[in-house]
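The following note concerns the salt bridges of the structure shown here.

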Amino acid sequence: MRYADGGLTPAGRQRRETVRMQAAELFGQKIKPPEVARRLRVSLKSAYEWHRLWREGGVQALASRGPSGSRCRLSPRCLEKLAVYLEEGPAAHGWVEDQVWTAARVATLIGRKFHVSYSVSGATRLMHRLGFSPQVPARRVAERDEQAVTVWKEATWAEVKEHGRPAAATSASRAKPGSPAGRPKAAPGADAAAPRS
């Protein structure tokens, strides 16, 4: 059986296989799929599918075939080396501007070290498998004036944050006052503010 397990652990795969083997045992006792679904707490669809497979191929048809998805293109030894490279940090491999492992950098590193092409999403999945998470570098404006930012935060932001505008003075539009009661009778749209009968 294959499931889109999304990285199911070997223990999780074993648990699923155990349930399927219990279903095979019940099918052997002439128990119908709806009863099997109820007893094993699985969906009716799964019970019927397992029953079909069991009829066609016996117990072996319900055995696990290992993890789903494409096979990793790096050997276990290469995966160990990649983990060591990631531990060393980006600067050790030529990225000196910051200490961030992005998925794109990891894909490039894999290509350089192992001559295997990985997409950015594939490198992301590989990083998660190794216990790492890709990061996004902080982007700073090249012309940023840190002193001006500090002065603004201390003076201007403190003033804006402290006082603010009073709630009554706000309006959604400059063209219309906040209340129809304040409009002159001869103003355009004054009749629209009057209650309809």
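1. Glu 35 and Arg 38 are both located in helix H2, which covers residues 33-40, and are three residues apart, about one turn of the helix. The two residues form a salt bridge in which the closest N and O atoms are 2.6 Å apart. Please note that the model is predicted.

2. Glu 35 also forms a salt bridge with Arg 39, the closest N and O atoms here being 2.9 Å apart. This pair is four residues apart in helix H2, a separation of about one helical turn.

3. Taken together, Glu 35, Arg 38 and Arg 39 are linked in a network of salt bridges. Glu 35 has a partner in Arg 38 and another in Arg 39.

4. How exposed are the members of this network? Glu 35 counts as partly exposed, with a relative accessibility of 25%. Arg 39 is likewise partly exposed, at 45%. Arg 38 has a relative accessible area of 56% and is exposed, because the exposed class begins over 50%.

5. A further salt bridge joins Arg 105 to Glu 97, with the closest N and O atoms 2.9 Å apart. The relative accessibility of Arg 105 is 9%; this residue therefore counts as buried, the limit being under 20%. Glu 97, by contrast, is exposed, with a relative accessible area of 55%.

6. For the structure as a whole, the search finds six salt bridges. Those discussed above include the pairs Glu 35 with Arg 38, Arg 39 with Glu 35 and Arg 105 with Glu 97.

Definitions and conventions:
Residues numbered from 1 in each chain as written. Predicted model: local features only at pLDDT ≥ 70, side-chain atom pairs only at ≥ 80, totals over all residues. Heavy atoms only, no water. Salt bridge = Lys/Arg side-chain N within 4 Å of Asp/Glu carboxyl O. Helix = DSSP H or I, 4+ residues; strand = E, 2+ residues; numbered from the N terminus. Buried < 20%, exposed > 50% of the residue type's maximum accessible area, 1.4 Å probe, protein only.
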